[in-house]
Amino acid sequence: MQKIKTISALLAFAAVICFAADAVAAPEKADARSAILIECDTGTVMYEQNADERLPIASVTKIMTLCLIFDRIEAGSLACDDLVQISENAAGMGGSQVFLDAGESYAAGDLIKSIIIASGNDACVAMAEHTAGSQESFVSLMNDKAKALGMENTHFVNCTGMPAPEHYSTARDVAVMSRELIKHEMFFKWSNIWMDELAHKGGRITGLTNTNKLVRFFDGCDGIKTGYTSEAGHCVAATVKRDNMRLISVIIGGKTSQGRFDDARNLINYGFANYKKTELLQPGMLPDAIELKNGMTDSVRVKPDGLPSVILEKSRAGNIEARTDIPQSLNAPVKAGDRVGGIVFLLDGREIAKVNVVADQDGVQATVGEFFSKLIRHW
């Protein structure tokens, strides 16, 4: 017989409710053309403004460029100490650059550093040519990756973000590719560096200063990317992690450089002040084991198939209910991984998540001889 139990929010979630002492109101309107604020793990949107408007995004494009580069590193087809020869085409890139010498070779790691910190267009094109044979082939891969990620309102024409017809994205899509980029832990090796240097052959040095001022002037910011052209305006994708929650703020088409940083910072402060990442599965919701009938053992261990969490306004975190549907006993045989029950989580009566409960070990069925031997042992 199945046991269905509703756990009161006051009991199940009392330990996780935490109200903000000073809530921060959501901005009525960001100063930029488009904006969005999301939580990284779940993708929960906390704020949006014209988030699906197709706009030029300038060097924020390099988020996707870096995604492909780190994909190659993790796949083993690229290493940071690989030497990359700089073509005339790459060295001749305009806009932001780190002044690479045509014909010379640089370590891939140094070029990646130059892209992340200083937004070097020449380093971008050099890496694109090295990994895909040409910038055109690399851009095709960028568009393939965007499609795979569900970025329906994005199209790339180059890997740098230089102005070009039909080169566009949206705040929502930039948030999607930002989530993808920060899955690569190596990105953070360089993303929070404020100042560094790039050494050229012959001793020449190019100073690198992070284009993302929030890395230095906003506590906890460790990425991601800025961009500016007269067409795109001032853009930034910024991320901050505090405790168990990481937020991403995307600003597209800011009127001023400082304005984009102010918008991003205000949105992130609003998110942390008003939202909480709530771990839904609390101690006591699940039994350690369930009685096993006709088995070699008296019980079988169980566990949740995943640890669900949700992003909620702090004022609503206490309204969650957990309804468990777990049998009091199971009949052997049971295999490890078999679903034996579940828990449904509701907020104000609406389902927001569910998790399966599965066997954590095999529950082997006893033979007739083993059954009687077990009876005798018990007797």
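The side chains of D360 and K303 meet in a salt bridge, with N and O 3.5 Å apart. (A salt bridge here is a side-chain nitrogen of Lys or Arg within 4 Å of a carboxyl oxygen of Asp or Glu.) This pair ties together distant parts of the chain: D360 sits in the loop between β18 and α11, K303 in strand β13, and 57 residues separate them. Helices (H or I, at least four residues) and strands (E, at least two) are DSSP runs, numbered from the N terminus.

A word on where this comes from: the model is predicted, so local features need pLDDT of at least 70 and side-chain atom pairs count only at pLDDT 80 or more, while totals for chains, interfaces and linings use all residues. Residues are numbered from 1 along each chain as its sequence is written, and side-chain values use heavy atoms, with hydrogens and water left out.

**Salt bridges**

Back to D360, which also forms a salt bridge with R301, the closest N and O atoms being 3.7 Å apart. R301 lies in strand β13 (residues 299–304), 59 residues away from D360. As for accessibility, buried means under 20% relative accessible area, exposed over 50%, and partly exposed in between (1.4 Å probe, protein chains only). Here is how some of the salt-bridge residues come out:

| Residue | Relative accessible area | Class |
|---|---|---|
| K113 | 9% | buried |
| D196 | 29% | partly exposed |
| R301 | 41% | partly exposed |
| K303 | 39% | partly exposed |
| D360 | 30% | partly exposed |

K113 and D196 pair up with each other, at 3.7 Å from N to O. That link also spans distant parts of the chain, from helix α4 (residues 108–118) to strand β6 (residues 195–199), 83 residues apart. In the whole structure, a search turns up 18 salt bridges. Shared partners join D71, K145, E180 and K183 into one network.

**Helix α7**

E180 is also one of the buried residues of α7, along with A171, D173, V174, A175, M177, S178 and L181. With eight of its eleven residues buried, helix α7 (residues 171–181) is largely enclosed by the rest of the structure. What covers those buried residues includes the helices α2 (62–75) and α6 (135–148), plus the strands β2 (34–39), β8 (221–229), β9 (233–242) and β10 (245–254).

**H234**

Strand β9 holds H234, which is buried at 15% relative accessible area. Its contacts (heavy atoms within 4.5 Å) include G227, Y228, I251, K255 and R260, not counting residues up to four places away in sequence. A polar atom of the H234 side chain lies 3.4 Å from the backbone nitrogen of S257.

Conventions:
Polar contact = N/O pair within 3.5 Å; in protein donor to acceptor, adjacent residues only side chain to side chain.
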